[in-house]
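Open the model in your viewer and keep the selection tool at hand.

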Amino acid sequence: MDEDSPPYLRIVAELKRRITTGRLRPGDRVPSTRQITREWGVAMATATKALTALHQEGLVRPVPGVGTVVADPGTGAAPSRRSAPELSEERIVRAAIAIADAEGLATLTMRRIATSLGTSVMALYRYVSGRDELVTLMADRVLADGWLSEPQPQGWRACLEWSARRQWALYRRHPWLAHAVSFTRPMATPQAMAQGEWGMRAVDGLGLDPVTMVHIYVTVANYVHGTAAHLEAEAEAVQQTGTTDDEWLESTVLPQMGEFPLLSRIPPDSLDLNTLFEFGLQRLLDGVAALIASVRADGDTDVDRPH
């Protein structure tokens, strides 16, 4: 492929090569638009154009709840509405999650979901009342990631640290989730309520009153949520500019740090969101430990007892 060819054609040629050489086989997921923007450093529109071209050639096809996959020979066309599997709330929610993961929450519309499922917009309204209810169902579905049923560590601090990291991992997998969850108007869904109950249980038996217990859990959860609120904007910036965060730091921020002696001593990776998250989490838990220690001094409560 000529280097002067449009960027989307170079992406199409490379993905074709991966398919014809067997690196990508029928049923394998091809890179999403977000992955293409990162790998090739192009805008979202270019990535979308490349996948559309592959779909028109019958090389790939969309699979609701999965993404775009390599088509079986002779079956590359998108499934007709007549052959589409029967709708259900679960299928709609999974398809919506896949779209939000790949393209962001702002692109999620009922029409976009209907197109992904090969059905009409009106058919979706038989299962969900609208986008707001759908986003709530999506959030509850990803919160139901099974972590509440997993073996948990002993001790209040280990439990809160463990749950904070699990929540952070969820936000990293689903960057849109931080914009779907509110702490001023919390979701009254089964998973949200179960996690709140679990968080209070982590600090139960330490001599704390129920209000303090829920404040501790919500403060930690809100810290994770607040830090994660930057994730979707970070992903969108990469899509729009084709520049990774590291590249942006190198080209925009680092050259100006030399004028500031303290800032110039900061390693670039210290501004990574994961690093900032870990530092803040430990300092927050240090504060909770000080609070519990003061309660223990007053009531001689054993803060290290397992829960």
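Angles between axes are named like this: under 35 degrees is roughly parallel, over 145 roughly antiparallel, 65 to 115 roughly perpendicular, and the rest oblique. Axes are lines fitted to C-alpha atoms, for helices over the stretch in contact, and angles run from 0 to 180 degrees between N-to-C directions.

The model is predicted: local features need pLDDT of at least 70, side-chain atom pairs need 80 or more, and totals for chains, interfaces and linings use all residues. Numbering starts from 1 along each chain as its sequence is written, and side-chain values use heavy atoms, without hydrogens or water.

**First stop.** Select residues 156-173, helix α8, and residues 190-202, helix α10. Their axes lie 9 Å apart, at an angle of about 155 degrees. The pair is therefore roughly antiparallel. Now show side chains. W156, C159, L160, W162 and S163 of α8 contact (heavy atoms within 4.5 Å) W198, G199 and A202 of α10.

**Second stop.** Select helix α4, residues 89-103, and helix α5, residues 110-117. Here the axes come within 10 Å and cross at roughly 110 degrees. That makes α4 roughly perpendicular to α5. On α4, pick R91, I92, A95, A96, I99 and E103; they meet R112, I113, S116 and L117 of α5.

**Last stop.** Select everything. The protein has 13 helices (DSSP H or I, at least four residues) and 2 strands (E, at least two). How much of the protein is buried, meaning under 20% relative accessible area with a 1.4 Å probe, protein chains only? Buried residues make up 38% of the 307.

How values were computed:
Buried means under 20% relative accessible area, exposed over 50%, partly exposed in between (1.4 Å probe, protein chains only).
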